[in-house]
Amino acid sequence: MKLSIKNLENTNSKHFKLPTYNIEEVHNKTKQFPKWVHFGVGNIFRGFISFLQDNLIKSGFDDIGIIAVESFDFEIIEKIYKPFDNLSMLVTLNNNGKTKYEISAAIADALTTQANDWIQLVKYFTNETLQISSLTVTEKGYQLTNNNGEYLQIIKDDIKNGPSKCYHLMSILTSLLYERYKSNQKALALVSLDNMSENGNKFKQAILAIAEEWKKLNHVTQEFLDYINNEDKISFPWTMIDKIVPRPNPVIANQLIEFGLENMNPITTSKGTFIAPFVNAEKIQYLVIEDKFPNGRPSLEKSGVYFTSKKIVDQVEKLKVTTCLNPLHTALAVVGCLLGYDKIYEEVQNKHLLELIKQIGYNEGLKVVENPKIINPKKFIDEVIYKRLPNPFVPDTPQRIATDTSLKVGIRFGVTIKAYAENPQLSISSLIGIPFAIAAWLRYLLGYDDEWNTMSISSDPNLEYLQSHLQGITLGDTNSVSNKLETILSNKNIFGIDLVEINLSNAIINLFKKMIAEKHSVRETLERLF
């Protein structure tokens, strides 16, 4: 049986929790009166965000779904969305081994930003009923410049060409905002749901940068910039999102096939996206949003979303991204790759790796994190270390988490480092776990594991830059390190602070030298310290 709207009535409800609403009516009404357009159609959207709205519709609190848009990997729409009538299959992996299967039909339409979908996308975006345009496109989706602060070539082209011909998502969204401005100047909330400190601010700055460059070339007017800058018209709420959504597990695909569903196996697109018609994810999830929606919003608090102030969102986001989860994940990722692990839950069974993340979280991070009250930092990190990371039914990999690490270390480690540097009551020299994780990342970038076998390095937009400064470093020769690491460690674009200037670089360099001294040096250094 194929997963489709037509076949839902024949789906074995013994296994699946199904939509209880009239799907055709919801989809038709959504297309006529859209409230929510989401960009970035990957797993976090399909397995978390879309189900928030699905829950509202099932409970009778709303009757409008979501419009999904992809701006990068168009094959996802063609191979994962359209063949299955845009249905989302969520497989929840509980740490007791029980598995829950749910199907959402909240996605009413799925488009790309290509020319053939553009007219329809503009219609949705300029509709007066639209309340939210949200994104899950990872940190690099907001990046306009290279390490030298120069605009990327794609941005230079978009600036030159103006709103009528854009390819970068930030330019595309600015163009769509311009269409809305010309059409009706109605209000709208632009909501980043990506793991970034102050994500709403970074989103706004990216949009404004494009608009201001267009203004210089007379592509747009000053009145359009005023429209974007008016929070009563266009808002950029800050958010914190948290749910571990690993790569689709072929074991889950086989289970679904055994239940009678066809074509459930994961695929790899030509752009390298590994994706399946289902999403497997942990049960635990958090979404905290600044309540700033000038054209209204769905009642997502009824689906468990926290709506609060910018200050509290910032505190919760820093709690998660800089202290209680993401730094631990990144440390496990780079060290795990070096030590030959391919599952996160297996790593935390290693007592030394467990002590490493406890050091980073409890002993280093909690000293500088603010308590947002709505979520307790100590309880949050307890849940991460003792419930979430050890869950053997969440097949997350260090290789996945190691992706784009250069865009993450400034947030996941740099914020805590900066807090230590600015607090006279705290000593930079007391940091042990964070310097170890940074040294391990640099060691990872050499492309050799702890056995000195070549290993694959996860994709990273700054990989060429980083490895160019590591050239000449030879395993087994600590003298070859010389001063090669200092250019990277002093780069504020990477770490958010100059690690040489604050006297943290020597500790990192010394650890790095120990890690390249001989085979198994990473493991020996880990075991000696933790």
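Which residue in β5 is the bridge partner of F16? In β5, F16 has Y101 as its bridge partner. Before going further, a word on ground rules: this is a predicted model, in which local features need pLDDT of at least 70 and side-chain atom pairs count only at pLDDT 80 or more, while totals for chains, interfaces and linings use all residues. Residues are numbered from 1 along each chain as its sequence is written, and side-chain values use heavy atoms, with hydrogens and water left out.

Back to that pair of strands. Helices (H or I, at least four residues) and strands (E, at least two) are DSSP runs, numbered from the N terminus. Two strands pair if DSSP finds at least two bridges between them, and β1 and β5 run parallel, joined by 2 bridges. They belong to an open sheet of 4 strands in the order β1-β5-β4-β13, with mixed pairing. At its edges are β1 and β13 (278-282), each of which pairs on one side only. Helix α2 packs on this sheet and touches β1, β4 (88-93), β5 and β13, where contact means heavy atoms within 4.5 Å. The direction of α2 makes about 70 degrees with that of β5; for such angles, axes are lines fitted to C-alpha atoms, for helices over the stretch in contact, and the values run from 0 to 180 degrees between N-to-C directions.

Stay with β5 (residues 99-104) for a moment and look at S104, which lies in it. Buried means under 20% relative accessible area, exposed over 50%, and partly exposed in between (1.4 Å probe, protein chains only). S104 has a relative accessibility of 1%, so it counts as buried. Its contacts, leaving aside residues up to four places away in sequence, are P19, Y21, S50, F51, D54, N86, L87 and S88. The side chain of S104 also reaches the backbone nitrogen of A106 at 3.1 Å. K6 counts as exposed because its relative accessibility is 69%.

At the β9 end, strand β8 (residues 188-192) pairs with β9 in the parallel sense over 2 bridges, and A189 stands opposite S235 in β9.

On one partner, β6 (residues 107-112), 5 bridges join in the parallel sense to β3, with I67 opposite D109. Strand β2 (residues 36-39) also runs parallel to β3, over 3 bridges, and F39 stands opposite V69. From β2 the chain crosses through helix α2 (residues 43-58) to β3 in a right-handed β-α-β crossover; right-handed here says that, with the strands pointing away from the viewer, the path from the first strand over the helix to the second runs clockwise.

What about the nonpolar cores? A nonpolar core is a set of buried Ala, Val, Leu, Ile, Met, Phe, Trp, Tyr and Cys residues joined through side-chain atoms within 4.5 Å. The largest has 77 residues, and I417, W441 and L499 have the most contacts inside it. A second, separate core of 44 residues includes Y142, L177, L208 and I234.

Last stop: L339, in helix α11 (residues 326-339). L339 is buried, at 13% relative accessible area. Beyond residues up to four places away in sequence, L339 touches D450, V522, R523 and L526. The C-alpha atoms of L339 and R523 are separated by 7.1 Å, although the two are 184 residues apart along the chain.

Terms used: Polar contact = N/O pair within 3.5 Å; in protein donor to acceptor, adjacent residues only side chain to side chain.
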